[in-house]
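Please open the structure in the viewer and keep the selection tool at hand.

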Amino acid sequence: MTSALKKELARDTDGLLTYEYLANHIDDCDRDLPGLVDNMIAVDSTGQFIVSAARYLAAIDLERYRRHIDRLVATAIERDHERRYIADLLPAIWGADYAARAAELSATDNNFCLLYTSPSPRDYAAS
C-alpha cells in the first residue's frame with residue numbers, strides 16, 4: 001500500500017472512504033486488499049460499510065475474495081449490534097436458498113452458524 005493511499009485512508013472515520021476506494025479500484029487493488037480490510041475494520045464501528053464491502057466482494061468473486069469476506073463477516077457479526085446491516089449478508093454470501101441449506105451451512109461455515117443461530121436470526125430476513 002502506497003504512502004499516499006495510507007494517508008488518504010487515515011482520513012476515513014467510518015469506513016465510507018475505504019469502501020469507495022475498494023469499489024472504484026476493484027480491478028487493481030488485490031495487493032492492497034488486506035490493508036483496506038484492516039482499515040475498514042479499524043474505523044467502521046457499526047458494521048455498515050463492512051457489510052457493504054463483504055457483499056460487494058461476494059458479488060464480484062466469492063471464492064477469490066473468500067478470506068477477506070470471512071474477516072469482514074466475522075467483524076460485522078460483532079459490530080452490528082442493532083442488526084441493521086447483517087441481514088443482507090445471508091442471501092448475498094450464502095445464496096437465496098440459505099434457509100433450506102441452514103443445517104449444511106451451519107456445519108461447514110462458522111460465520112453462517114454464528115449469524116443464523118444467534119438470537120432471532122429469522123428476524124434478519126424480515127427487517
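Begin with arginine 83, which is found in the loop between helix 5 and helix 6 (89-94). Please bear in mind throughout that this is a predicted model. Arginine 83 has a positive phi of about 55°, although it is not a glycine.

Next, select arginine 67, whose place is in helix 5. Arginine 67 is exposed, and its relative accessible area is 58%.

Now show the two whole helices. Two packed helices are described by the angle between their axes and the distance between the axes. For helix 3 (residues 33-43) and helix 5 (residues 66-79), the axes come within 11 Å and cross at roughly 0°. Angles under 35 degrees count as roughly parallel, and helix 3 and helix 5 are therefore roughly parallel to each other. On the side of helix 3, the contact is made by Leu33, Pro34, Val37, Asp38, Met40 and Ile41, and on the side of helix 5 by Arg67, His68, Arg71, Leu72, Thr75 and Arg79. Coloured by class, this contact of helix 3 with helix 5 has 6 nonpolar, 2 polar and 4 charged residues.

Move on to helix 2 (residues 16-24), and select Thr18, Tyr21 and Leu22, which are buried. These residues cover an arc of only 100° around the axis, which puts them on the same side of helix 2. An α-helix has 3.6 residues a turn, so residues three or four places apart point the same way. Which helices do the buried residues of helix 2 pack against? They pack against helix 1 (3-10), helix 3 and helix 4 (48-61).

Finish at helix 8 (residues 110-117). Here the buried residues are Asn111, Phe112, Leu115 and Tyr116. They cover an arc of only 115° around the axis, which puts them on the same side of helix 8. Turn the view to the face away from this buried side, and select the exposed residues Asn110, Leu114 and Thr117. Lastly, display aspartate 109 at the start of helix 8: one of its side-chain oxygens reaches to within 3.0 Å of the backbone nitrogen of asparagine 111.

Terms used
Residues are numbered from 1 along each chain as its sequence is written. This is a predicted model: local features need pLDDT of at least 70, side-chain atom pairs count only at pLDDT 80 or more; totals for chains, interfaces and linings use all residues. Side-chain values use heavy atoms; hydrogens and water are left out. Axes are lines fitted to C-alpha atoms, for helices over the stretch in contact, and angles run from 0 to 180 degrees between N-to-C directions. Helices (H or I, at least four residues) and strands (E, at least two) are DSSP runs, numbered from the N terminus. Angles under 35 degrees count as roughly parallel, over 145 as roughly antiparallel, 65 to 115 as roughly perpendicular and the rest as oblique. Contact means heavy atoms within 4.5 Å. Ala, Val, Leu, Ile, Met, Phe, Trp, Tyr, Cys and Pro count as nonpolar, Asp, Glu, Lys and Arg as charged, and the others, Gly among them, as polar. Buried means under 20% relative accessible area, exposed over 50%, partly exposed in between (1.4 Å probe, protein chains only). The arc is that of the directions from the helix axis to the C-beta atoms. A polar contact is a pair of N or O atoms within 3.5 Å; within protein, one must be able to donate a hydrogen and the other to accept it, and residues adjacent in sequence count only if both atoms are side-chain atoms.
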